[in-house]
Structures are given as C-alpha cells and as structure tokens.
Amino acid sequence: MALKMVKGSIDRIFDKNLQDLVRGVRSHREDEAKYISSCIDEIKQELKQDNIAVKANAVCKLTYLQMLGYDISWAAFNIVEVMSSSKFTYKRIGYLAASQCFHDGTDVIMLTTNQIRKDLSSPNQYDTGVALTGLSCFVTPDLARDLANDIMTLMSHTKPYIRKKAVLIMYKVFLKYPESLRPAFPRLKEKLDDPDPGVQSAAVNVICELARRNPRNYLSLAPLFFKLMTSSTNNWVLIKIIKLFGALTPLEPRLGKKLIEPLTNLIHSTSAMSLLYECVNTVIAVLISLSSGMPNHSASIQVLYTHTHRLFLKYLGLLAMSKILKTHPKSVQSHKDLVLQCLDDKDESIRLRALDLLYGMVSKKNLMEIVKKLMVHVDKAEGTTYRDELLTKIIDICSQSNYQYITNFEWYISILVELTRLEGTRHGHLIASQMLDVAVRVKAIRGFAVVQMATLLDNTTLLAGSGQHKSICEVLYAAAWICGEFSEHLEDPVHTLEAMLRPKVATLPGHIQAIYIQNAAKLFAAVLNGQQGTPDCQTMQESSQLLIDRLPLFVQSADLEVQERASCILQLVKFIQKLQHKEVEVGEEVTALFAGELNPVAPKAQKKVPVPDGLDLDAWINEPPSESESEDEKPVAVFAEEELRHARPHHTEVDEKELARRREARKQEQANNPFYIKASPTSQKDSTGVEHIPVVQIDLSVPLKVPGMSTSDKYLKLEEERRQRERKERGKKEKKKKKKREKRSGMGRRHDSGPESEEDIAPAHMVDIVTEEMPENALSSDDDEKDPNDPYRALDVDLDKPLADSEKLPVRAHRPTNILKSPADDGEVQEVPKEPKKKSKKEKRDKEEERKVRLLWLRCPNGEIQCTCTKSSKHKKKKQKKDKEKEEKKRKKQHGHSGDREGEESVQNGTLEEEPLPVCDIQGNLQNGSQVVVSIIFENKSTSFLKSMEFNVLDSLNSKLQRPEGSGPHDGLTVPFQLPPGVSNEARFIFSVQSIVMPQRLKGTLTFIVKADDSSTHEKLDFKLHFTCSSYLITTPCYSDTFAKLLESADLKGTSVRLQEVSLPFHHLLAKICFHHHFSVVERIDSCASLYSRSIQGHHVCLLVKYAHQTVTIDAKCDESSLLGNVLEEIKKTFSQS
Amino acid sequence: MQFMLLFSRQGKLRLQKWYVPLSDKEKKKITRELVQTVLARKPKMCSFLEWRDLKIVYKRYASLYFCCAIEDQDNELITLEIIHRYVELLDKYFGSVCELDIIFNFEKAYFILDEFLLGGEAQETSKKNVLKAIEQADLLQEVRHNYFL
C-alpha cells in the first residue's frame, strides 16, 4: 500500500500538470489539435490510475480542454469520482469540472445525488459551499426534488456564508421543481430580516426574481420592501427592490403614488448610474400605471428627461424613451430630431433602437419626412442585415395600425417600388405582400398601382440575374397579379401581356411563373373584352397568336403548377382562336372565367368561426387505424395530399389521423425520455411545414434605377404643395370639410389619436380601405394565450394560502419504496423527552459544553408533532424531575404555540412555523389501517460532528418498528445521514400497529458517535414514542342525516363524560376538540353540537357536546368502547391542561 | 445573468460560466457567434447589444473582453458593474492581473467568480468578504495538500 502511494507520487512528478498543458498548447499553435489529442490520450491513462490526485489533475486539465472546445463528456464519470474525494482540493476541482460540463442530459448526474447531499451536510463550510456552487450550475428537476429539503435546512445554517448560498440556489431549485416554492417561501421571507447583509441581499434577490415573473403573488410583501428600500443603503439591493416595485406598480396604482417621492429623491441624490437607470425605469412604470388616474404628468416626464440625458449612454436613453413613448407619445415626439440623429450612429444597436422609437413617433404630419430620411439611410447603409432591418421598419412604420398615418397612397406605392431596387434584400416577399395588400384594399389607388406594376413587369432588371439569396423577384409575383386582376386600369394591356410572356420569365421560380400564366390569361380576357365591338379584330388575333406562340415554353416547365396552368390555358386560347376565325364574340364568356371580386379576410377569421353545436372535433371519424401501417412518416405536401384525397378519400383520412396520432405518441415519448433534449417551442410548431416551396432567387448585382418610374420624392413634393393649397382653402371651406371627415370616419379609419393639427391633413384622394371580412357570429375573444412552455409559469402560485400536506417537500425517507406504496398511515406519535440514562466520564468533563441532540418534529403526512429530546450532561438523579418539566413545557408548546419556547429549541421546519396548524396533529389515511409513519427531525445542537446514528425501538406486542428484511427484531436502523454542528435533518420510520383501541408508548434509543476535534465517543439517547388514540382518528365530514342514522343504529355503545370549570367560549372549545382530536362538527345549535370522527380501522365515533355554566357534558357513542374511553380520556386531559 | 464569457482579442476563450444548462454544442455555437459579434464592434460603440432575445453587456479590459448575457428586464449598468467588480477581484487576488494569470490559473479565476456570483446572481457585494472566503478555501487546500504530500 505504502509502496503504491510512493509510486503514485513519483508518477505524478512525470505527469503534466495544468501549467504544462497550457504551456504546451500555447507552444503548439500550428498543430494544436494533434497535440491535444495526444494530451487526451495521456489523460485517459491518468484517469485509469487509482491515485485520486492523478485523477484530479487529469480532470483539471480536461476542464481546460473543455473550454478550448473539446468534448469531455466521456469523462463525466471520472468527474463524479473526483467530486466524491474527501479532500477539498480535489473536490473543488471535481465540482468545477461538473459545473462546466454537466447539463440536463448528462446521465451520471443521477449518481451524484447522495454525494451532493453528503457534501451539503459536511462540517466544513467550504465543502458545502463548493457543492452549492456546483449545484447551481447543473441542478436538474430530479436533483432539485431530492435536495430541496436539504438546501432548505441550510438556509438556517449558522454560517452566513452557507445561508447566503443556500438562499440564492433556492431560486434555481424553484425553477426546476416548482412544488418546492410554497413550502420554502416562509423561510425565504424570514431571510429578509437576516442579520447578515449578504443573506438579506440574497433573499431580496431571489424574491425579486420570483416576483418579476409573477408579481401578483408578491403584492402583500410590498410594505416590507418599501421599508427595506427606505432603509437600505446597498445599491445592489436597492436596484433589485426598485425593479421589483416596477413589476408591482402596474397591479397596484396606489403603490405608485407612494413610490414617486422616494424614487425622485433617489434620482436626485444617487451618483450610481445603474441605480439611477433603474429608478428611471420604475418611475416610467409608475407613470404608466398612473396615467389613467392623473392626466398630466408632463412635469415628472420633464424631470425624467433631464435625467435620461444624464445617462450619457445614448442606448439606454433611447431605451427609456421607448418606454415613455408607449403612454406619452407626444412628449417623445418633440425629440424626433435627436432620434433621427441616432440613425447616423456607428453602433448598430443604437440605430436599431432609434428605429424602434421612430415606429412609435410617426404621425400623419411627419411620416413622409421620416420615411424620406430612412430612405436616404437605406441607400447609405452598409451591410445587408441593417439594410433589411431598415426596409422592414419602413414598411412597419407605414403600415402600422391599418395604414393610419398614410395620407397619400401614391407616395407609398412609389416608396415600395423604390424599395424593389434594393440590392440583395431578403424581404422581397414582404414588399410584395404590401403591394398586394394596398392594391386590394385601397380601391382608389388601383389605377396608379397597376400602371406602376406594369412598368415593373416591363422592366427586365428584376428578371435579370439570379442569385442564391435574392428574393426581390417575389415582387413580380405581386406585380403580375395586380396587373392581371385589375387589368381594366392598364393603359396598354397588349404590351403588358407581351412583357409577361417573355421567355426570360421561365427563369423565375415556379410559383411566380404560375401567377404570370394565370394573369396572362386574365389580361387576354381583358384584351378580348376591350376590343369587343370594334371592327378591327387584329389586336385580338395578334394576342391569341402571342399566347399560342409563347405558352408552349411553359408547358414544358418542370414545375407542375406552371405546366398544368400553361397547358390548360394554351388549349383554351386555341379554342378561342378557332372561335375568332369563325368570328364569334367570345369576350364576355372569357371574362366570366375570372369574374368575381376578391375581398380580404381577417387573419384570425378562420379561428373565430364558432364550432357548431354537436360537433366534436376530437371524436374519431373512423375507427383508429391499426398499428401495422407504414412506419415512416412522410412529409405532407399540399398538392400530393389533395390528389390522394380525390383518388382514395377514405384512405387518406386514416393516414392523416394516423400521422397525428403517431406524432402525439412520439411527443409523449420524447417528453418522458430524460435523454431527449427538447426542441424550442417555436421549432416544434412548424412540424408540418407545407407552405413554402423552395424559391430560386435572382441576383441583382447592380442597383439600377428603374427607368420610367416616378420617384417617391415627386409625390412628397406634390403632397406638400397639396397640403399648402388645402391650408389656404381651409378658411373658406371649413364646413364642407367637416362633412368630408365624417364620411371618412365611417370607413374604418381612425382620426382621433393624432395631435390636433393632424386632423387637418386630409388624404390626397378618397381612400377606401376595405375592412377585413370576418365570418358571421365570430367569437370576439382576442386570445393571447400565454406560452405554456414558459418555465416561470409553474412558479405562479398563491403563496399566502396555507400549506396542504401533500405539498410538503419530500424528505429522504428511511424506506422510500415502502412509503410510496402505502402512503402514510395513521396514529399519533408523541415523543416524550427523556434524560440520558447513562453518562460517560467524558461527558462529565464536558459538562458545560452540553451536547444536545434534539429530536424534533415527528412528522406524518398530515401533520407533525414537535418534540424535544435533550441530551445533556446532567446527573442521573435529576432525571425524573427534569423529565416532567420537559414534558410540561412541551405540552404548552403544543397547545399554545406561544412564545414559550425554550432557549435550546430552535430549529423548526420552516414550513410550519407560521402555520396555524397544530404541531401535534397527526392523522393517517385509510389506505393501510395498520401502519404509522413517524418522521423525526434530528438537530445537532452541539459543536461536534455526529455520525453513525442508529435508531432503535423496543417493539411491543402491538406495535413494531418495520425493519428491512433479514434483520433481527432487535436491530437498529441506521439513520441515513450525518449531522454537522447546527444542522438538522429528517428521517422517517414506519411502524406496524395491530390494535388501535389503546394508546401506546414505545421506548427507544438513538446511538451515535460524537466526533470531536481530537477524539470520538459513542453516545446514547433514550426517548419514548407516544401513540395516542386520538391520532388514530381521521377528520371525516359527516352529514346530519347520516349522523342521525348512525346514532339510531344499535351497534354503537354510549358513554359520557363531564368536564368542570371550563372557561373557554364554546366555539373555542369545539375548535380545540376538532383540532386536537380530529373531529368534525356535524351540526351546532346554540351551545350544543354534534361531532363525528372515524378511526383508521373504520370505527365511528360520535359526540354530543353540551355546554352550560362552565360545565361541558360530552355524550359519546362508538362501536368500540375501549377506543371511545381512551379518546374521551385524552379529551379530558386536553382540557385539564388548559 | 445567463452566462459570462471571457475571451481575448484574438477570439480565444479564456473563461466561460453558464448559469443555464445547455449542451456543449449549443454553448459552442453561442460562444462562436458572440465572440465574432463582439470583436467586430469598434471601440467607440456602446457596451450593450441585443442578441437573440438576450441583452449582451461587454467590456474590454486590456486584451480581454468580459461579456455577459442578461435577460430583457435586467439592468445593463449593474451588469457592467458586476464585470468591473469581478475584474477588481481578480486584480486584488493576482496583484494587477493580466491575461496570462487567468490562462495559467484558470481554475482560480473560476473559484473567485463562484464566490462572487451564484446561479447568475451577485451573492456577495463586499470585495473583502469574497477575497476572505477564497483565501480561506485556498488555505484549506494548501494545508491539506502539504499534509498529503
């Protein structure tokens, strides 16, 4: 062994340490990958050795390599090994490596639970600290669930260093395991008053983070935080609190009024920019929340301005402005020039922010001006991303709120046309849809639009050159459609028809070609119709011939859609040509092919169609298909799908259902598979993407002027002239105007929101925006559902509601499987404190030190009992007396839960401290009438480390401690943890009980090893467990008629009891009985009440309680007389004590 | 805070700390993207930029870039302060820190960061306390180290 050690350290001398590795990597710049792969081989060798120092060194090097981007997940198990080293030096390295490379999908994380728990309860605070730090990086839902209780215990650790970390990490635990929030919250709240400022600030941090996501649940904490805000001088804490208030004010405007003053004070006094910024943000939030109540805040906004300018950082100033903009647009609009200047900034993020602001700043008056400036920027902009951003912003700005700010659509169309000249933009599609939208919805502009579009079509630049990521040719889609649909406005349809059928068109993407062909047919129809009645039929014949000549090119197209349309229309034209030769008038018939007007449909229209009565969308139409169908899922294509449906309608129906079902099953499987990394919610949505056919794009290498195009500037000038003219005329025609305006407002355009002067700007011509169509009886609800995958949503819980038992944190149970199978059983367990029977010499010496081990909180699923068992170095003789005292004190505590707490009694399970529940209330359920679960919290009050704890109870005939199979009836159970000083932990034990009619007292001992600095001693602690009869009862509600029937039945035997000198009010008395003995009130009339309860083995217990002149008479009936007798005895005891 | 990255002007990563669990692949992708974006920025540009749905706050100290990702509602300026505080801590610990200190003692740099931030939140605002904790932990390491050698 010794030889091995020596050998190990000699080996180590030859090993590379981290420094060598770093140096090596730096000196092998050329062949880094090769060098590192040789290093990794070495590391693999090192990891195979037994020496933990060598392993730790290897893991340390791996951590470095991980940072350089090499995969080290294969070493995860070795990392766990190093983590579990007992030496801090190595443990630290292990946890560091784990925090760097573990993630939710790392499977060895499962192995770490016990190690982490051990480290958390380590006597060395740095071990605990390092474990907490590591855990904060890789905590998984499983770890969070298993360790929540341990971490919660650490929140009350004696060392602020640990408390602070424990408090902070709770936030991560909440995120991963939201069920832990409610039980842990009271203790978290307690930490706001922690004497250590670090712990306090940590608690503020966590609560603020929680409150930001779900502010409503934290409103009740506002006064507390207000106090903290006015008293704290720590800027870090202040920022968090102020941020929290920013989240709370929208919910409680009164809070806002209170905040304004202290916040303005802070704004004026603080020198910290970060605090100032936070204050400004919250003041804005306050103003927003107040804006409904108080109309004029220009003064406070002015204050704000001076200070936002003090924020030398333009970016944050812009950010703040955009927040003000939402509620006070007017006050921001005056800063338009400043914002426009920011567009020249070198920094892209500042420019983008400024753009966002502009979006909200435009009005009818300044829209054209702003857009003109933007167009200049578009020309100047370098880098396509920014240019694309500008482009979308221009379109957003113009099209916002249903084109509210556009007064001249001719100008807008020409802006759109100008934008088509943009080199290499990604947004051809966007421009196209704008063109379509405007042309369809603004009837008055159609003529102009058609002319512009015809020029676009005629212009070959857009066709010329095709590149990889140019989508500008999408515009032609719109142009072709507009020309075809509104062909009546065309000046020279034949020319346009010719333009649309040029051979070069065949280089366009399929879907655009298809549109070209279809609209060529429309144009043809228009030509025929236009020439109708004229004697000269040459044009008609020429255009027919043109189509017949050009279309065959498209009939050969590889694109199905193009081919089909082309061949169909070709045949049609041939037929028409025949008719023309016979001089038949066909114009009307052909036009009829394309008759009918197109109206826009609202985007949500489909969704709003109500489901008719009696239609169940989830019901199967056919029987669910069998499993045996083809395995692989085919992408669903629109056209293919439709064709199939025609051919075999029944079969495809099944197919779709089957696909949906499989998709669902697969999702389910993925959700349950811990190794599956889930895709982000957005990417899941488009799982059946069918809309997009790949588009071959066209490259536009040189930006060209579109010849023959009117520029938007022209319209800008025209518009200005027009406005001036109108202003002159306005004096004269005041009355007429009014009428006009009324008319306009009837057409769905809003006029009331702009500044007053804006009202006077009339649109250039009558603009008719066709409103979108909605289905009849559409549902009006505007549903903006929350994202169901939002991780913070789970934390939206009511924190003020008292805790239910099912919500308590899972505590590591002694025999977890057992508990899972038979959840919780009954029986009250009381623990009677006892003095030690034995004392060692050692103890005597340590007389002053007073080692105490406390057994606190006997806990059952439905409640808990608090008990103390003190071990102290007192003399044996005093035992009896001391025992009694203790018991009394305990009782007091149980019944009064007053402040009468002994000095040594300190750790409570935080969940319960503030609860109005009785501490000794233990109830079971009916699932297993013969089991009792006892949960005990062990707290180490001494300054030494306690380990190897063994819990043993002397079984009685009736009650037995359940021991693992194979162990003898007198073996103790090992408590599965160790206790560092000041730490408490909880263990569960299961007892089987045969008869419940008698109370039980069980004697037990706890043995453990006390490890002091230099020595360790074996110690023993005796205690008693008291199972009362009341604790076998379960509060069961009962209706008065059932109760009456019960009383009438002959099975119940009666008895009665009389309590003298009870000075309690009657309702207190009842409450007390219900509370301590698990009864429920069936009926109450004046000072008389009937109560009912049921035992875990199904015995009925009925009480009739009468109260008169300080005397209580209880008549009781039960089918088990001895149980009843004992219960009554216990009730009597309860009242004799109080 | 979601994560913190330290990288050199050459784009070499010097330290990375993730407060959200991500797979190595994602981490690498994000790192590569961010390093490129930040390095491409000119010195006079502001220290904040929007990236995906996060805000990036970065600052350059000598040849090193310190770069943090925060959420939408977080305070950019306090993040700058956190970065500065961390640099001060490194400075105090190493005694006028330079890039090489961090390269060769990268684990120490992590330990200091872990004492200062936990789970992405500042856990200790007092410089003195952070350094004290580190010194004591180091002491523990030294003593044990010597003992076992």
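How many residues of chain B are in contact with residues of chain A, contact being taken as heavy atoms within 4.5 Å? In this predicted model, in which local features need pLDDT of at least 70, side-chain atom pairs count only at pLDDT 80 or more and totals for chains, interfaces and linings use all residues, 61 residues of chain B are in contact with 63 residues of chain A. Side-chain values use heavy atoms, without hydrogens and water, residues are numbered from 1 along each chain as its sequence is written, and chains are lettered from A in the order in which they are written.

Chain B and chain A bury about 5,900 Å² between them, 55% of it on carbon and sulfur atoms, where buried area is the accessible area (1.4 Å probe) that two parts lose on being put together, summed over both. Of the area that chain B buries against chain A, 11% is supplied by B:Phe104, B:Phe106 and B:Leu118, more than by any other three residues. The two chains, B and A, are also linked by 7 salt bridges (a side-chain nitrogen of Lys or Arg within 4 Å of a carboxyl oxygen of Asp or Glu), including one between the side chains of A:Lys240 and B:Glu121 at 3.1 Å, N to O.

Terms used:
Contact means heavy atoms within 4.5 Å.
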